[in-house]
Amino acid sequence: MDDPGLDPATYAAVLKDLARVNRWTFAARPTLSFLARAMRGRTKLRLLDVGFGQGDMLRAVARWARKRGIEAHLVGVDLNPMSEAIARAATDPALGIDYRTGDYADLLGDGYDVIISSLVAHHMSEPQLAAFLRAMEQHSRVGWLVNDLHRHRLAYALFPVLTTMLRAHPIVRHDGLVSIARSFRPAEWRAKLDTAGLSCSPVRIVRTFPFRLCVERLR
Ligand SMILES: C[S@@+](CC[C@H](N)C(=O)[O-])C[C@H]1O[C@@H](n2cnc3c(N)ncnc32)[C@H](O)[C@@H]1O
């Protein structure tokens, strides 16, 4: 799906099916649980979602915040220039989500309470991931969350069952398996936090059903 030669209609179909897989695998649940803890006693949220894809996580956050009377300013940034139009088209403008194209590093100066991402970390090289972790630590006022996959034999075995049942796009079927194989285990995350110089910070590594492994930091 990262192939820049992919035509926009195919890319849109892939993002749509990825969002369906996200829904079936409760991808938003750990992020919303983290936000519930992060927002205790707060009524305003300025949040950055790195690598928003079709924007489904930001829509879930917007609805979650609205239900709780939280004034949310939600920004998404994605490197792929095709994501912005696709996410906008899938989003009710009343949700007020600000979708941008580019690298997250160029937006950090804007100031965020919380920085989140989902299914992004395992796409990064070692140095990119270390820089990402340090950037989130430095630029989030309240905390940050990496929501990613847990590399697990069972996840690898069950993913094709789910995507066959959902008749997901072949690129989603293929890339999903590659993503599971590239994702991390808890001990590997500890090493990555060490490499980023964050081993002293109170960072939690949390497993959530089914096969999500999240790395969270709350101040
Ligand atoms: C697998 S998709 C995940 C999309 C969505 N978050 C989801 O959970 O379905 C990873 C996305 O991260 C984006 N991405 C990767 N590195 C990025 C960076 N440095 N800044 C912004 N976006 C990035 C890619 O363009 C891609 O759309």
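Predicted model: local features only at pLDDT ≥ 70, side-chain atom pairs only at ≥ 80, totals over all residues.
A polar contact here is a pair of N or O atoms within 3.5 Å; within protein, one must be able to donate a hydrogen and the other to accept it, and residues adjacent in sequence count only if both atoms are side-chain atoms. Residues are numbered from 1 along each chain as its sequence is written, and side-chain values use heavy atoms, with hydrogens and water left out.

So, the ligand. One of its oxygen atoms is 3.5 Å from a polar backbone atom of N80, and an oxygen atom also sits 2.9 Å from an N or O atom in the side chain of N22. For a nitrogen atom of the ligand, look to Y104, with a backbone N or O atom 3.2 Å away. On its own the ligand exposes 600 Å², and the protein buries 91% of that (Shrake-Rupley areas, 1.4 Å probe). Around it are 18 residues, of which N22, G51, D78, L79 and S118 come nearest; being near takes a heavy atom within 4 Å. Helix α1 (8-24) gives the most to this shell, three residues, while β2 (71-78) supplies at least two.

Now for the sheet. Seven strands make an open, mixed sheet ordered β3-β2-β1-β4-β5-β7-β6, with β3 (98-101) and β6 (203-208) as the edge strands. Strands are DSSP runs of E, at least two residues, and helices are runs of H or I, at least four, numbered from the N terminus; two strands pair if DSSP finds at least two bridges between them. β6 pairs with β7 (212-218) in the antiparallel sense over six bridges, and R204 stands opposite E216 in β7.

Helix α2 (28-38) packs on this sheet, touching strands including β1, β4 and β5, and its direction makes about 165° with that of β5. Axes are lines fitted to C-alpha atoms, for helices over the stretch in contact, and angles run from 0 to 180 degrees between N-to-C directions. Among the buried residues of α2 are L32, F34 and L35, and their cover includes α3 (56-67).

Last stop: I86, in helix α4 (81-89). Why does I86 count as buried? Because its relative accessibility is 15%, and buried means under 20% relative accessible area (1.4 Å probe, protein chains only). Beyond its neighbours within four places in sequence, I86 is in contact (heavy atoms within 4.5 Å) with P8, Y11, A12, L15 and Q54.

Key:
Buried < 20%, exposed > 50% of the residue type's maximum accessible area, 1.4 Å probe, protein only.
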